[in-house]
Amino acid sequence: MNFDLTKLLRPHIAELQPYTSARDEYTGKIGVFLDANENPYGSITDQDYNRYPDPYQQELKEKISEIKKVDPSQIFLGNGSDEAIDLLFRAFCNPGKDNVILLPPTYGMYEVSASINDIETRKVALTSDFQLQPEKIIGATDEHSKIIFVCSPNNPSGNKLKREEIRFLLKNFNGVVVVDEAYIDFNDEPSFTTELEEFPNLLVIQTFSKAWGLASLRLGMAFGSKEIIRILNRIKPPYNISGLTQETVLRAMDNYGKVQKMIREILSEREFLKEKLGQLPFIQHIFPSHANFLLVKMPHATEVYNELIEQKVIVRNRSKVLLCEDCLRISVGTRSENEAFIQALKKVASKTV
Ligand SMILES: *Cc1c(COP(=O)(O)O)cnc(C)c1O
């Protein structure tokens with residue numbers, strides 16, 4: 001591998017003078033703060049939100065560092081992991097010139113973010129059992145290929161990708177390989193963060209939106225080399241993580257035990273759903289899942305989907321997506337939600353299938 005980060009970077013980003021906030025220059029907590037045009041009296045709410053938050057989220061990163069075993073200097077926090085994805089395009093991809101590699105069926109935001117940034121996407125489909133085609137992927141790259149987006153466990157298929165094949169991409173591609181681990185907490189394998197030492201071109205993405213149950217707060221994580229993380233920090237909006245989010249998640253992390261308990265329950269409910277779906281004769285296939293959802297194939301999936309909505313049961317219709325023809329993606333709910341779904345599905349199927 002011949003990975004050169006400075007060559008990969010867009011030239012104007014290399015020369016960028018980042019915004020310096022007042023709080024970059026004085027980091028003490030005590031003082032007379034007349035630098036940021038804040039309201040000195042407090043907030044109109046019960047709690048005080050009148051001061052700008054820490055732009056680099058130091059305290060939060062130290063706590064995350066303990067749980068994830070990654071040095072704070074190798075952690076980037078975004079307003080959802082979607083922000084990290086967008087910043088990667090802005091840092092590395094020259095509009096109208098560079099390209100990225102997508103591996104469908106996969107998470108939709110990579111494509112949306114590429115389009116917003118006017119970046120070509122080259123697609124190399126997964127195999128019929130949703131694994132990588134590593135040689136073909138490398139074959140699709142050229143000198144303008146900047147990023148390969150790998151999602152494992154994959155959304156919407158739910159399976160994990162073979163570790164050795166992801167490592168093959170890391171070894172044979174001179175751009176950034178993003179490994180999106182939004183569903184890592186439901187998986188039984190170690191995170192790719194354990195491979196950051198070995199691969200300077202690796203960026204691992206995780207989120208508080210799924211297992212942690214904090215989707216509404218919008219907090220995503222990216223783990224990578226110090227150099228890549230420094231670049232993301234230079235181009236992010238200065239106060240991208242609100243003070244409320246920083247405080248709430250900091251406190252939430254003392255409750256790691258509760259997260260682990262919820263994960264166990266979700267996994268056990270996933271098995272319940274699988275078993276119930278398996279008993280329905282019209283279900284053609286339930287794909288193996290290492291995530292908190294199941295991809296399920298059935299005849300007339302779109303009609304079933306529409307009828308489910310009539311019953312006020314909302315699932316995700318993936319039947320127009322490559323390799324997911326006639327498939328619905330079902331998030332694992334609570335026991336009563338899962339029972340309501342199965343009930344509605346039986347009712348709907350007697351009409352449509
Ligand atoms: C849900 C999801 C995310 C999370 O996005 P946030 O912006 O952090 O909520 C990221 N990647 C994949 C593949 C997802 O399914």
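Me: In β7, which residue is the bridge partner of G78?
Reply: This is a predicted model. Strand β1 covers residues 75–78, and β7 covers residues 220–223. Four bridges join the two strands, which run antiparallel. The partner of G78 in β7 is G220.

Me: Which residue in β7 is the bridge partner of Q206?
Reply: Strand β6 spans residues 202–207. Four bridges join β6 to β7, and the strands run antiparallel. For Q206, the bridge partner in β7 is M221.

Me: Are the residues of β7 that point one way or the other buried or exposed?
Reply: In a regular strand the side chains alternate between the two faces of the sheet. In β7, G220 and A222 point one way, while M221 and F223 point the other way. Buried means under 20% relative accessible area. All of these residues are buried.

Me: What is the volume of the largest cavity?
Reply: Rolling a probe the size of a water molecule over the atoms shows where empty space is left. The structure holds one cavity of 30 Å³ or more. The largest cavity has a volume of about 60 Å³.

Me: How many charged residues are in the lining of the largest cavity?
Reply: The lining includes K160, R163, E181 and E189. Asp, Glu, Lys and Arg count as charged. By class, the lining has six nonpolar residues, two polar and, as charged residues, four.

Me: Where is P156?
Reply: A cis peptide bond joins N155 and P156, with omega about 15°. Most peptide bonds are trans. Strand β4 covers 145–151 and helix α8 covers 163–172. P156 lies in the loop between β4 and α8.

Me: Where is P105 found?
Reply: The peptide bond from P104 to P105 is cis. Its omega is near 0°. P105 is found in the loop between β2 (99–102) and α6 (109–116).

Me: What is the relative accessible area of H300?
Reply: Most residues other than glycine have a negative phi. Phi of H300 is positive, near 55°. H300 lies in the loop between β9 (293–297) and α12 (301–310). H300 is partly exposed, with a relative accessible area of 38%.

Me: What is the relative accessible area of L323?
Reply: L323 is not a glycine, yet its phi is positive, about 70°. L323 lies in the loop between β10 (316–317) and β11 (327–331). L323 is partly exposed, and its relative accessible area is 28%.

Definitions and conventions:
Residues are numbered from 1 along each chain as its sequence is written. This is a predicted model: local features need pLDDT of at least 70, side-chain atom pairs count only at pLDDT 80 or more; totals for chains, interfaces and linings use all residues. Side-chain values use heavy atoms; hydrogens and water are left out. On a 1 Å grid over the protein atoms alone, a cavity is a set of points where a 1.4 Å probe fits but cannot get out, and a pocket is an open set with protein on both sides within 12 Å along at least five of seven lines; lining residues have an atom within 4 Å of a point. Grid points are joined across faces, edges and corners, and a volume is the space filled by probe spheres set on the points. Buried means under 20% relative accessible area, exposed over 50%, partly exposed in between (1.4 Å probe, protein chains only). Two strands pair if DSSP finds at least two bridges between them.
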